[in-house]
Amino acid sequence: MKQLKVKIHTHPIYIFWMLKIIFDMFYQLKMLTVIITAFAILLLIIAITKRFSLKPCISDTIVILIALMFTGSWLKSPELYLDYLKIISSLLLYFLGRFYVKDIDTVWESLTSSLLFALVIVCLAGKGTIVWGSAVTYRGMYFFKTDFAVMLCYFLITWIYNKKMEKTDFIPLAIAVVLIVLCNARIIYLCTIVALFIFFQYR
């Protein structure tokens, strides 16, 4: 298994990603959503002004179309702007990854180890399951099950980013998948399946 040491990194991608998963825990503090979205926009502006290379691809178009779809829905209910910003901040994370892709190797170990440590804390210190509608779902320390599932998906993607996977490395991977299923956040199922498909297809 990868020998990871939990350590803090000063790269803006690391800072944004860690703040994102922490801020999502405190959904009731609405201003945090505004702050993290503004931070993402600031990082994108910096990337654009520094002329970081970005070759357009089909996934860029798909993400932009998704953003436009959510924007159209938000315009029909402007009072839900905080929910809109929360979704947009996640979509902006995609473009941050695209612009700062050359720096990913620099922050990978710090990001992966920090996410693994945070995941353990969230699972151990959380309230566990909650009845959501008619289903029992697992949410850890998060207010919404979907936010916890998103964090798990973040961890899954960073964990499999290093293609040199040993047999024992699949244990955290399997645990993350099981927890995503327990969260019962079905929209994240698709993201998980796509990430795993890409990994097993090109590893």
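Mentor: Start with the terms for elements: helices are DSSP runs of H or I with at least four residues, and strands are runs of E with at least two. In this predicted model, the chain has 8 helices and 2 strands by that rule.

Trainee: What makes Lys20 count as buried or exposed?

Mentor: The cut-off for buried is under 20% relative accessible area. Lys20 has 1% relative accessibility, so Lys20 counts as buried. This lysine is found in helix 1. Leaving aside residues up to four places away in sequence, Lys20 touches Ile36, Lys86, Ser89, Ser90 and Tyr154.

Trainee: How do you know whether Val150 is buried or exposed?

Mentor: The relative accessible area of Val150 is 17%. Buried means under 20%, and therefore Val150 is buried. Val150 belongs to helix 6. From Val150 to Ser90 the C-alpha to C-alpha distance is 9.4 Å, while the two are 60 residues apart in sequence.

Trainee: How much of the chain counts as buried?

Mentor: Of its 203 residues, 43% count as buried.

Trainee: What makes a set of residues a nonpolar core?

Mentor: The residues must be buried, must be of the nonpolar kinds Ala, Val, Leu, Ile, Met, Phe, Trp, Tyr or Cys, and must be joined through side-chain atoms within 4.5 Å. The largest such core here has 55 residues, and Ile21, Leu96, Phe148 and Met151 have the most contacts inside it. Among the elements that give two or more residues to this core are helix 1 (12-23), helix 4 (81-99) and helix 6 (145-159). Helix 6 supplies the largest share, 10 residues.

Trainee: Which residues does Ile21 touch?

Mentor: Not counting residues up to four places away in sequence, Ile21 touches Leu115, Ala118, Tyr142, Met151 and Tyr154.

Trainee: Why is helix 2 described as it is relative to helix 4?

Mentor: Their axes come within 9 Å and cross at roughly 30°. Angles under 35 degrees count as roughly parallel, so helix 2 is roughly parallel to helix 4. The crossing of these two helices is left-handed. Residues making the contact include Thr33, Ile41 and Leu44 of helix 2 and Leu85, Leu92 and Phe99 of helix 4. By class, this contact has 14 nonpolar, 3 polar and 2 charged residues.

Trainee: What makes helix 6 roughly parallel or roughly antiparallel to helix 7?

Mentor: The angle between helix 6 and helix 7 is about 160°, and their axes are 9 Å apart. The cut-off for roughly antiparallel is over 145 degrees, so helix 6 is roughly antiparallel to helix 7. Helix 6 passes helix 7 in a left-handed crossing. Among the residues in this contact are Phe148, Leu152 and Trp159 of helix 6 and Leu173, Val177 and Ile180 of helix 7.

Trainee: How do the residues of the contact of helix 6 with helix 7 divide by class?

Mentor: They divide into 14 nonpolar, no polar and 1 charged.

Trainee: What share of contacts between residues at least 6 apart in sequence join residues at least 24 apart?

Mentor: In this chain, 73% of those contacts do.

Notes
Residues numbered from 1 in each chain as written. Predicted model: local features only at pLDDT ≥ 70, side-chain atom pairs only at ≥ 80, totals over all residues. Heavy atoms only, no water. Buried < 20%, exposed > 50% of the residue type's maximum accessible area, 1.4 Å probe, protein only. Contact = heavy atoms within 4.5 Å. Axes fitted to C-alpha atoms, helices over the stretch in contact; angles between N-to-C directions. Parallel < 35°, antiparallel > 145°, perpendicular 65-115°, else oblique. Left-handed = near helix turned anticlockwise from the far one by under 90°. Nonpolar A, V, L, I, M, F, W, Y, C, P; charged D, E, K, R; others polar.
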